[in-house]
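Hi,

Here is the structure I promised to pass on.

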Amino acid sequence: MADALLVIPAGVLRNLADKLYEKRKNAALEVEGIVKQLTTAGDHDKITAVINLLTTEFTYSPQANHRKGGLIGLAAATVGLTSEAAQHLEQIVPPVLNSFSDQDSRVRYYACEALYNIAKVVRGDFIIFFNQIFDALCKLSADSDANVQSAAHLLDRLVKDIVTESDQFSIEEFIPLLRERMNVLNPYVRQFLVGWITVLDSVPDIDMLGFLPDFLDGLFNMLSDSSHEIRQQADSALSEFLQEIKNSPSVDYGRMAEILVQRAASPDEFTRLTAITWINEFVKLGGDQLVPYYADILGAILPCISDKEEKIRVVARETNEEIRAIKADPAEGFDVGAILSIARRQLSSEWEATRIEALHWISNLLNRHRAEVLTFLNDIFDTLLEALSDASDQVVLLVLEVHACIAKDPQHFHQLVVFLVHNFRVDNSLLEKRGALIIRRLCVLLDAERVYRELSTILEAESDLDFASVMVQALNLILLTSSELAELRDLLKRSLVNPSGKDLFVSLYASWCHSPMAIISLCLLAQTYQHASTVIQSLVEEDINVKFLVQLDKLIRLLETPIFAYLRLQLLEPGRHVWLLKTLYGLLMLLPQQSAAFKILRTRLKTVPSYAFNGEQLRRTSSGNPHQILHHMPSGSQILEDGDINQDSKSSHNGINFALRLRQFEQMQQQHRQHAKVQAQSHTTSTASSAPKDVQRPEEQSHIGSPSSDVNRLPSRSRRAPGQLQL
């Protein structure tokens with residue numbers, strides 16, 4: 001200290017702390033000259049003493065003017081040292097850096113000015129303090145004082161120039177500093193950071209691409225900044241990096257893929273678009289590196305397929321197709337379970353397009369890796385079943401294709417049908433809204449006969465009799481009306497001459513017993529007319545309720561459709577089809593005379609030609625002992641009418657024991673009657689307990705077997721639904 005006081009005149013020191021800038025400046029010039037002389041003399045001890053004096057007495061002084069003078073003095077000393085300045089930087093730079101956090105904005109400004117002048121002198125030797133300087137500049141870029149910001153920007157540009165020309169800069173030490181600050185929200189700091197990333201990336205000897213995963217997330221975060229300028233700068237930097245990735249032979253796709261997946265779900269539209277664009281390029285370029293990340297990538301892609309922004313949807317779809325086209329193998333790290341998990345989760349998406357693509361993925365995996373997918377079947381099966389209730393027909397059809405693919409194995413086929421029946425049971429709306437669509441599509445995908453046989457087997461043992469009846473009625477209507485089941489109908493028409501048709505008839509009969517009208521329809525389809533007539537005459541009062549009449553109304557209308565054209569044509573020869581005529585008259589007798597169905601059927605029966613009747617035939621038929629009647633099938637073969645009774649077959653025909661079938665039907669109907677009585681008694685008891693004073697009028701009582709009063713109400717003329725009875 002004493003040496004410094006001897007070297008620097010007291011007047012110079014006094015002016016260095018003056019409040020006037022000009023006096024401080026002139027004093028600094030004096031200091032510069034003194035240090036130059038000492039440098040020339042090689043007296044570094046005195047130079048050190050001068051620097052210590054400026055540091056302790058001035059830069060750390062409580063007086064602001066002293067601190068200002070100290071800073072300008074240190075810069076002047078550095079200029080005076082010229083080429084010898086490097087060996088004194090350890091003394092000079094720290095107090096300047098300390099002044100960057102000074103409370104006085106003018107001191108901070110002079111600190112920027114001082115460091116700028118110091119950096120100009122020492123250039124590359126300055127790099128050893130780069131991390132501290134970068135930290136200080138980062139803070140100053142957001143300074144509250146505009147003059148300080150301006151000075152910091154000037155210093156920042158100089159430091160960038162020095163770094164780009166230096167061979168001592170350590171990118172490895174710099175990256176942690178950058179990474180720590182990438183999530184700062186201050187717009188000035190963000191501009192500062194993007195500026196540094198861009199500058200360093202432009203230096204050929206600095207491999208910023210290798211460290212991109214460390215700050216990629218921060219750049220994406222800036223894409224949603226409120227400042228258009230910052231968004232533009234971040235986008236420009238990202239575009240440059242993406243171009244470098246395309247041209248680079250070695251890139252760490254994996255770490256960046258994880259970041260992109262997260263950013264693809266950003267609420268900001270521009271961020272999503274950029275992220276999905278990057279993912280698209282990665283899928284094209286990444287190859288085997290990305291195989292372990294396909295599940296995560298798919299999890300980001302599928303929601304974007306339904307994005308509100310068209311550009312995002314287009315890129316997402318393209319990327320999805322790219323991934324699906326890649327034939328990766330589980331041995332290469334392709335995680336089938338993870339992909340299935342993502343697809344299952346996306347089946348719950350609110351967007352139809354996403355659900356559809358998720359199903360395409362499950363189908364694709366089943367085709368390529370069936371064995372692996374089946375090991376995860378328990379994880380996805382319930383979700384696939386729930387998807388059958390989807391509001392979208394396209395989704396339901398795709399789900400059925402997936403189910404059909406799974407059901408190629410017998411055990412899975414049975415499991416599918418069992419679960420399907422269960423879902424119909426617990427969700428009435430599913431059967432009502434989607435039942436026909438589901439059954440028809442399954443018949444196309446899995447063979448109609450196989451599906452119907454399995455359904456019949458399950459429904460035969462169904463304990464919920466109400467559900468079994470409704471389900472059988474639905475299956476019967478599908479059988480009678482769907483074009484997909486035309487071959488099945490043709491097979492049933494040959495039940496009396498074809499063993500396969502007979503087996504199918506018997507198989508369906510067991511469960512069709514749950515519904516009288518379904519049995520009658522089946523018999524009409526199979527041309528077992530005498531049995532149909534017998535079934536009609538076996539019906540009792542309890543069986544003929546509103547539900548029955550509604551079903552009968554539907555059947556009468558179906559008899560007028562092309563499906564039953566063969567039956568109507570048989571009426572041209574009533575002498576050969578007496579039991580058909582008797583069956584139709586039996587149905588007519590069950591209908592209320594004022595109903596539309598009664599009028600339709602009566603009109604049809606009036607057209608039957610009377611010339612073909614034979615009185616003796618009618619007498620024998622009505623007595624239950626008709627003679628042998630022949631008629632021709634489309635194939636040209638002759639068969640016996642099912643009413644024929646000969647000595648060999650007795651009550652059976654072509655192996656069909658109709659007497660046994662009738663007992664089977666009557667037993668099932670007896671169960672339904674008992675069930676209806678229990679329900680009616682329960683309903684009466686609950687009604688009586690809830691309203692003991694009310695007396696139920698006879699006309700308010702429900703028909704036995706009807707679960708709800710509104711079902712029992714006869715439809716009115718003015719509000720008749722299609723297929724309902726009109727009275």
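The second largest cavity holds about 50 Å³ of space. Its lining is made up of Ile323, Arg324, Ile326, Ala328, Phe334, Trp361, Asn364, Arg368 and His369. Sorted by class, that gives five nonpolar, two polar and two charged residues. Helices α17 (310-325) and α19 (352-368) each put at least two residues into this lining, and α19 has the largest share, with three.

Keep in mind that this is a predicted model. The mean pLDDT of the protein chain is 85, with 87% of its residues at 70 or more. Over residues 620-651, though, the pLDDT is below 50, and the model gives this stretch 65 contacts beyond near neighbours in sequence. Residues 693-727 also stay under 50, with 49 contacts beyond four places in sequence.

Back to the cavities: there are three of 30 Å³ or more. Among the lining residues are Gln473, Leu477, Met517, Ser521, Lys554 and Leu558. By class, the lining of the largest cavity has six nonpolar, five polar and one charged residues.

One last item is helix α4 (residues 44-59). At 1.5 Å a residue, its 16 residues should span 22 Å, and the end C-alpha atoms are 21 Å apart, so the two agree. The buried residues of α4 include Ile47, Val50, Ile51, Leu54 and Phe58.

Cheers

Key: Residues numbered from 1 in each chain as written. Predicted model: local features only at pLDDT ≥ 70, side-chain atom pairs only at ≥ 80, totals over all residues. Heavy atoms only, no water. Helix = DSSP H or I, 4+ residues; strand = E, 2+ residues; numbered from the N terminus. Expected span 1.5 Å × (residues − 1). Buried < 20%, exposed > 50% of the residue type's maximum accessible area, 1.4 Å probe, protein only. pLDDT = per-residue confidence, 0-100. Contact = heavy atoms within 4.5 Å. 1 Å grid on protein atoms, 1.4 Å probe; cavity = no way out; pocket = protein on both sides within 12 Å on 5 of 7 lines; lining within 4 Å. Points joined across faces, edges and corners; volume = space filled by probe spheres on them. Nonpolar A, V, L, I, M, F, W, Y, C, P; charged D, E, K, R; others polar.
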